[in-house]
Amino acid sequence: PKSTILQRGAFILLEGCDRTGKSTQAEKLVAALNQRGHQARLWKFPDRTTGIGQMIHGYLAQGKDLNDQTVHLLFSANRWEAMDTLKTHLLQGTTLVVDRYAYSGVAFSAAKGLDLHWCKQPDVGLLAPDVTFFLDMPIEESMKRGGFGDERYEKVALQTKVREIFHALQEPNWQLIDATQAIAAIHDSLVHSSLQVIAAAKDAPLQCNLWA
Ligand code: TMP
Ligand code: MG
């Protein structure tokens, strides 16, 4: 019999400022892909379940202070510690829907005043997403959403800066999504695009060359 070559899953990333609906959309997207017979799973950064993730959570949600460079490197380390697991899932054919990644890492730290070039360096060589859906909306709109202001970075001036830097970090495989649309409309377009991305990624090699 002809040998079958295992087809890899796609790395689908959702990025955006706080309260733009990324987590809602990521969950709905995973469910929709699974329903269509694609193996898909959700991954979230920061992953607050690890030791490093708990340090990040202390900083974001519990008022623990850390200097800006240290926090930046912890967020990056939190991605590196997941790489082997993420690669294994992708190579086994599982599509990953990832809620935030290195673009958040750079956008938030650079918005705080760290040098943009310096910020990118620790994440150079991470797995590169096959597509990035950037959920975009005016900060005045996201501010009105429930829970805004709960965590350290949820402040209007900082989020405005973060949004600008996100725009500057755009790459050819980004798709800009108007996050003020209805949840169902955004969901439909994410499913539609994701199916195309999954089809295109399945025979392509994994790319471990973010910003390289
Ligand atoms: P979350 O709300 O998606 O859990 O993310 C928590 C906060 O951490 C959010 O304000 C974005 C910020 N962040 C960084 O500053 N650097 C990073 O690398 C990541 C992944 C998130
Ligand atoms: Mg948040």
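The side chains of Ser 104 and Glu 15 form a polar contact at 2.5 Å, a polar contact being a pair of N or O atoms within 3.5 Å in which, within protein, one must be able to donate a hydrogen and the other to accept it, and residues adjacent in sequence count only if both atoms are side-chain atoms. This is a predicted model, in which local features need pLDDT of at least 70 and side-chain atom pairs count only at pLDDT 80 or more, while totals for chains, interfaces and linings use all residues. Residues are numbered from 1 along each chain as its sequence is written, and side-chain values use heavy atoms, with hydrogens and water left out.

Ser 104 belongs to helix α5; helices (H or I, at least four residues) and strands (E, at least two) are DSSP runs numbered from the N terminus. Ser 104 counts as buried because its relative accessibility is 7%, where buried means under 20% relative accessible area, exposed over 50% and partly exposed in between (1.4 Å probe, protein chains only). Leaving aside residues up to four places away in sequence, Ser 104 touches Glu 15, Gly 16 and Phe 166, contact meaning heavy atoms within 4.5 Å.

Phe 166 is also among the residues with the most contacts inside the largest nonpolar core, which has 40 residues. Such a core is a set of buried Ala, Val, Leu, Ile, Met, Phe, Trp, Tyr and Cys residues joined through side-chain atoms within 4.5 Å. Elements giving two or more residues to this core include β1 (11-16), β3 (95-99) and α8 (156-168), and α5 gives the most, with seven residues. A second, separate core has 22 residues, including Leu 14 and Leu 135.

Around ligand 1 there are 14 residues, of which Asp 18, Lys 44, Arg 48, Arg 79 and Arg 100 come nearest; a residue counts here if one of its heavy atoms lies within 4 Å.

| Residue | Distance to an oxygen atom of ligand 1 |
|---|---|
| Asp 18 | 2.9 Å |
| Arg 79 | 2.7 Å |
| Arg 100 | 2.6 Å |

Taken alone, ligand 1 exposes 480 Å², and the protein buries 93% of that; accessible areas come from the Shrake-Rupley method with a 1.4 Å probe.

The protein has nine helices and five strands. Its radius of gyration is 17 Å, close to the 17 Å given by the globule rule for 212 residues, so the protein is as compact as a globular protein of that length. The radius is taken over C-alpha atoms, and the rule is 2.2 Å times the number of residues to the power 0.38.

Conventions:
Chains are lettered from A and ligands numbered from 1 in the order in which they are written.
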